[in-house]
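Dear colleague,

Please find below the structure that I am handing over to you. My notes on it follow.

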Amino acid sequence: MSTAAEGVTAGVAARDAASLVVVAPAGEGGPAVLMGLRGPGHRFSPNRLVFPGGAVEPEDFDAAAATRLPDAVRAALERRAAPRLAVALAHAAARELREETGLSLGAPPALDGLAYLCRAVTPPGAPIRFNARFLMVAAARVGGVLGGSGELEALRFWPVAEAMAADLHPVQRGVLEQVRRRLAGAAEGVGMMLFEQRRWVEEEGAV
């Protein structure tokens, strides 16, 4: 275990979190995803392109929904989360989308268009850690005016190929790979993927 003298924070618990990948139909540049750049002042992933998302908050456990999560998505979330937390993760993704981008799944949000992508856990020793679930939704299911809180800069729909050419964190790059495979229909029969200990693996016990 690393010591404090080595400048590493030990024993930080990973907070449950969710991100939402909003996918626009293919145009001239191919399919595009909603991403923004975290500013240099952010403690987590500064100067990196990220998807809207964040930690689960207490309000997410009691939030109302216009429609329920699809059974398959709820089952995927419940593989590594208690039932109440599984639903709260979906509400967290919807709330963070609204707060960070100005776009919305509705008020209350419609959760029936969500799909499960993958999960990523920040390695032990990091000063900030998340156990993040990545969900996906079609842009047609989202409304509102793009703007948000200003937390994300250069906020727009990035063609996947353009985003992949940026200096991405391995998590964001892996999520985009999952999106490309899903859109190409190549994810059939592939297990759920997990980013853990700085690498992508097939999640144990998941099908």
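In which strand is R133 found? R133 is found in strand 7; helices (H or I, at least four residues) and strands (E, at least two) are DSSP runs, numbered from the N terminus.

Please note that this is a predicted model, in which local features need pLDDT of at least 70 and side-chain atom pairs count only at pLDDT 80 or more, while totals for chains, interfaces and linings use all residues. Residues are numbered from 1 along each chain as its sequence is written, and side-chain values use heavy atoms, with hydrogens and water left out.

R133 counts as buried because its relative accessibility is 2% (buried means under 20% relative accessible area, exposed over 50%, partly exposed in between; 1.4 Å probe, protein chains only). Its side chain makes a polar contact with the side chain of D16 at 2.7 Å, and the side chain of R133 also reaches the backbone oxygen of R80 at 3.0 Å. A polar contact is a pair of N or O atoms within 3.5 Å; within protein, one must be able to donate a hydrogen and the other to accept it, and residues adjacent in sequence count only if both atoms are side-chain atoms.

Helix 1 (residues 71-78) has V73, A76 and L77 as its buried residues. On the other side of helix 1, D71 and A72 are exposed.

Two loops also deserve mention. The peptide bond from A107 to P108 is cis, with omega near 0°, and P108 lies in the loop between strand 5 (103-104) and strand 6. R198, in the loop between strand 10 and strand 11, has a positive phi of about 65° although it is not a glycine.

With kind regards
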